[in-house]
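Morning, everyone. One structure today, and a few minutes to walk through it. Please have the sequence and the model open.

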Amino acid sequence: MSECDEPTEVSRYHQAPCGLMSTTIDGGILGMNSTLREWLGLAPDDVASRTFSSLLTASGQLFYDTRYLPVLRLRGAVSEVALTFARSDGSELPAFVSARWATAEGEPSSDVQVAVFDARERRDYERELLAARRAAESSATRVRVLQEAGVAIGDARTAAEAGGALADAVRRAFDATAVTISSVGATGLETLAG
């Protein structure tokens with residue numbers, strides 16, 4: 001590889017696999033790499049007069065104001081803060097943001113270096129995991145209720161006792177406020193419990 005083929009610092013900045021941005025301590029955008037602009041659907045000219053918080057959803061702005069900025073000013077850095085960006089097409093970009101208030105010779109400067117990591121895949125994975133966990137917990141609860149109902153019905157000495165045990169099991173399994181158990185016999189519909 002010749003010297004001409006080596007990527008420059010500027011091209012590495014713009015082609016980084018994460019979003020990079022520099023801002024003032026008050027959030028005025030000083031620069032943004034191509035990766036972040038592409039993720040947000042912004043043209044280079046769209047960035048010039050923007051602030052960091054203007055790139056965020058309403059909930060992202062609230063968290064930016066109440067968590068990101070106070071911690072950054074107090075500690076000089078934030079790590080893996082979850083913020084949601086508003087993309088130009090109206091969709092959202094969930095992200096993890098880490099930032100450091102750049103220092104010059106031990107004194108804070110006006111620049112904040114920000115790294116933005118796309119969290120869409122992680123968000124989707126966590127949603128799927130949560131749905132699977134809820135389904136498993138619901139199934140486990142129903143199985144336990146059925147086992148308890150089986151024991152209660154097995155111990156019942158009359159049809160009314162069996163109906164009562166079954167009604168109680170159904171009520172707990174479905175978190176119902178009222179349940180009626182009926183049977184169809186020679187005389188028609190007969191309520192056993194409810």
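Let's start with a single residue. Leu166 has 34% relative accessibility, and since that falls between the 20% and 50% cut-offs, Leu166 counts as partly exposed. Where does Leu166 sit? It lies in helix α6. What does Leu166 touch, leaving out residues up to four places away in sequence? Two residues: Ile153 and Ile181. Gly150 is 16 residues from Leu166 in sequence, and their C-alpha atoms are 8.4 Å apart.

Now the helix around it. α6 covers residues 159-174, which is 16 residues. From first C-alpha to last, α6 reaches 22 Å, close to the 22 Å expected at 1.5 Å a residue. Which of its residues are buried? Gly163, Ala165, Ala167, Ala169 and Ala173. Just past the helix, Asp175 takes a positive phi of about 50 degrees.

Let me step back to the whole chain. This is a predicted model. The mean pLDDT of the protein chain is 80, and 80% of the residues score at least 70.

On to the fold. The chain holds six helices and seven strands. In sequence order the pattern reads α-β-β-α-α-α-β-β-β-α-α-β-β. There are 194 residues, and 30% of them are buried. Take the contacts with a separation of 6 or more: 38% of those join residues 24 or more positions apart.

Next, helix α4, residues 58-75. Its 18 residues should span 26 Å at 1.5 Å a residue. The end C-alpha atoms are 25 Å apart, so the two values agree. There is a bend in α4, though, of about 45 degrees, at Tyr64. Tyr64 is also one of the buried residues of α4. After α4 comes Gly76, with a positive phi near 85 degrees.

Now the aromatics. How many aromatic pairs are there? The count comes to four. Take Phe52 and Tyr68. Their ring centres are 5.3 Å apart and their planes meet at 75 degrees; over 60 is edge-to-face, so that is what this pair is. Phe52 lies in the loop between α3 and α4, while Tyr68 is in α4 itself, so the pair ties together parts that are 16 residues apart in sequence. Both Phe52 and Tyr68 are buried.

Last stop, the core. The largest nonpolar core has 29 residues. Which have the most contacts inside it? Phe52, Tyr68, Phe85 and Val114. The elements giving two or more residues to this core are β2, α2, α4, β3, β4 and β5. Beyond its neighbours within four places in sequence, Tyr68 contacts Phe52, Phe63, Val78, Val97, Ala99, Val112 and Val114.

Notes: Residues numbered from 1 in each chain as written. Predicted model: local features only at pLDDT ≥ 70, side-chain atom pairs only at ≥ 80, totals over all residues. Heavy atoms only, no water. Helix = DSSP H or I, 4+ residues; strand = E, 2+ residues; numbered from the N terminus. Expected span 1.5 Å × (residues − 1). Bend = angle between axes of the 7 residues up to and from the residue. Buried < 20%, exposed > 50% of the residue type's maximum accessible area, 1.4 Å probe, protein only. Phe/Tyr/Trp six-rings, centres within 6.5 Å; stacked < 30°, edge-to-face > 60°. Core = buried A, V, L, I, M, F, W, Y, C linked by side-chain atoms within 4.5 Å. Contact = heavy atoms within 4.5 Å. pLDDT = per-residue confidence, 0-100.
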